[in-house]
Amino acid sequence: MPLTREEHRLQHEMGETYLLAANGIITADAKGWFDEQAKKYFERYQDLVLREGDA
């Protein structure tokens with residue numbers, strides 16, 4: 001999933017757990033959150049592909 005430059009820096013310097021906590025996500029809920037994000041970005045990708053196919 002895409003990260004902003006600042007999010008990527010924090011992930012690199014502080015780790016995944018810190019980045020999740022900074023976004024209000026409890027580590028135990030992380031898998032569900034990542035699954036939701038993957039679904040969201042996959043749907044965006046599909047929309048883009050379909051739009052390009054219509055062009």
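R5 is exposed, with a relative accessible area of 77%. The cut-off for exposed is over 50%, so R5 falls in that class at its 77%. The model is a predicted one, and values given here are computed from it. R5 lies in helix α1, which covers residues 5-14.

R5 and D47 are 42 residues apart along the chain, and 25 Å lies between their C-alpha atoms.

## Overall build

The protein chain has three helices and zero strands. Read from the N terminus, its elements follow the order α-α-α. Along the principal axes, the C-alpha trace spans about 45 × 25 × 15 Å.

The radius of gyration of the protein chain is 14 Å, whereas a compact globule of 55 residues would have one near 10 Å. Of the 55 residues, 11% count as buried. The chain exposes about 4,700 Å², and 55% of this area is supplied by carbon and sulfur atoms.

## K31 in helix α3

Helix α3 comprises residues 30-54, and K31 is found in it. K31 has 60% relative accessibility and therefore counts as exposed. The side chain of K31 makes a polar contact with the side chain of D35, at 2.8 Å.

How far apart in space are K31 and L50? From C-alpha to C-alpha the distance is 28 Å, for two residues that are 19 apart in sequence.

## Aromatic pairs

Two aromatic pairs are found in a search of the whole structure. One of them joins W33 and F34: the ring centres are 5.0 Å apart and the planes meet at 80°, so the pair is edge-to-face. The cut-off for that label is over 60 degrees between the planes. W33 counts as partly exposed because its relative accessibility is 24%. F34 is also partly exposed, with a relative accessible area of 31%.

Why is the pair of F42 and Y45 tilted? The planes of the two rings stand at 35°, with the ring centres 6.4 Å apart, so the pair is tilted. Planes under 30 degrees apart would count as stacked and those over 60 as edge-to-face, and the 35° of F42 and Y45 lies between these limits. F42 and Y45 are three residues apart in helix α3, so about one helical turn separates them.

## A nonpolar patch on the surface

F42 and Y45 also belong to a nonpolar patch on the surface, together with V49. The accessible area of F42, Y45 and V49 together is about 310 Å².

Are F42 and Y45 partly exposed or exposed? F42 has 46% relative accessibility and so counts as partly exposed. Y45, which is found in helix α3, has a relative accessible area of 51% and is exposed.

Key: Residues are numbered from 1 along each chain as its sequence is written. This is a predicted model: local features need pLDDT of at least 70, side-chain atom pairs count only at pLDDT 80 or more; totals for chains, interfaces and linings use all residues. Side-chain values use heavy atoms; hydrogens and water are left out. Helices (H or I, at least four residues) and strands (E, at least two) are DSSP runs, numbered from the N terminus. Buried means under 20% relative accessible area, exposed over 50%, partly exposed in between (1.4 Å probe, protein chains only). A polar contact is a pair of N or O atoms within 3.5 Å; within protein, one must be able to donate a hydrogen and the other to accept it, and residues adjacent in sequence count only if both atoms are side-chain atoms. Patches are made of residues with over 30% relative accessible area and no salt bridge: like charges are joined within 9 Å, nonpolar side chains (Val, Leu, Ile, Met, Phe, Trp, Tyr) within 5 Å. Accessible areas come from the Shrake-Rupley method with a 1.4 Å probe; for residues, only the protein chains shown count as cover. A salt bridge is a side-chain nitrogen of Lys or Arg within 4 Å of a carboxyl oxygen of Asp or Glu. The radius of gyration is taken over C-alpha atoms; the globule rule is 2.2 Å times the number of residues to the power 0.38. Rings of Phe, Tyr and Trp (its six-membered ring) pair if their centres lie within 6.5 Å; planes under 30 degrees apart count as stacked, over 60 as edge-to-face and the rest as tilted.
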